Amino acid sequence: MQPTVVFDLDKVLLGGDASTLFLHGRLRQAPRRALPLLLASPVLLVGAALPQLRPLGARLMTRLAVGGSRDTDVEDVAAAYREVLTVRPEAAVAEAIACVRAHERAGETVVVATGCEETLARGFLAAVGLGHLDVVGSQASVPVRRAMGESKVSMLIDRGHPPPWTAVYSDSPSDLPLFAGTPRPVLVNADEKAARQVERTLGRRPETVTWR
C-alpha cells in the first residue's frame, strides 16, 4: 500500500476558520446573499451552537450563501475562497501547501482529514490548487458524521486510508487518536502546553513546526 500522510485543514493548511473565510469571500462576490443568511440566522446559530448539528448548519449556510445548483457547490465555494484570498492571501498557509507538495513528490498519498464540513473543505483545497486530494470531512448526512477524534480515524479507514500513516499534521491535541496511528506526529503552530499533552498520552514528544 502506498504510504499515506494526513493533514488537518483549519489552522494547518487554512489560516483561520473555513466557514468565516468562505462567508467573507462569498459576500464580497454577492452582497445580496446576506439577506437569506440573515433570515435563516436563528437556525444557523442553533446549528453552530450544537456540536452534533454543526455539519448540517454549515451545509445550510453554504447553500444559502451560494444559491443556484447543488451540482456546482464545490466550484462556487472555491470561487468564494479565491475572492477572499485576493485580500487575505496569508489564509492559504504557504509552508503547509509546500509541505503537501513535497510529500507528493516523495510518492506519498496525502489525505485531508478535517472537522470542517466536506464541501467547504473541498472548495478551499480546489481554490489553492489541491483539489485533487482526497478529503475526509464532516458530513451533513442523516445521521450526521463529524470527523472529530476517534470518528476521524474511523472515517479515514472507511475511505480506504487505514493506519499506520507516515505522518500526521494537526494543530490540536484533539487529534491524539490520529497521532497514535503514526510514527511521526507533527503539531503545527501549537504551544508548549499542547506539546506536553500529546507527549503525556503518546509517551513521546511530537515534532513541532511553526508555519505561516
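Tutor: Helix α5 (residues 73-85) and helix α7 (residues 118-127) pack at an angle of about 55°, their axes lying 7 Å apart. Such axes are lines fitted to C-alpha atoms over the stretch in contact, and angles run from 0 to 180 degrees between N-to-C directions. Helices are DSSP runs (H or I, at least four residues), numbered from the N terminus. The model is predicted: local features need pLDDT of at least 70, side-chain atom pairs count only at pLDDT 80 or more, and totals for chains, interfaces and linings use all residues. Residues are numbered from 1 along each chain as its sequence is written, and side-chain values use heavy atoms, with hydrogens and water left out.

The two helices, α5 and α7, are therefore oblique to each other; angles under 35 degrees count as roughly parallel, over 145 as roughly antiparallel, 65 to 115 as roughly perpendicular and the rest as oblique. The crossing of α5 past α7 is right-handed, meaning that the near helix is turned clockwise from the far one by less than a right angle.

On the α5 side, the contact (heavy atoms within 4.5 Å) is made by Asp73, Val74, Val77, Ala78, Tyr81 and Arg82. Helix α7 contributes Thr119, Leu120, Arg122, Gly123, Phe124, Ala126 and Ala127. Of the residues in this contact, 8 are nonpolar, 2 polar and 3 charged. In this division Ala, Val, Leu, Ile, Met, Phe, Trp, Tyr, Cys and Pro count as nonpolar, Asp, Glu, Lys and Arg as charged, and the others, Gly among them, as polar.

Elsewhere, helix α6 (residues 94-105) holds His103. The side chains of His103 and Glu108 are joined by a polar contact of 2.6 Å (a pair of N or O atoms within 3.5 Å; within protein, one must be able to donate a hydrogen and the other to accept it, and residues adjacent in sequence count only if both atoms are side-chain atoms).
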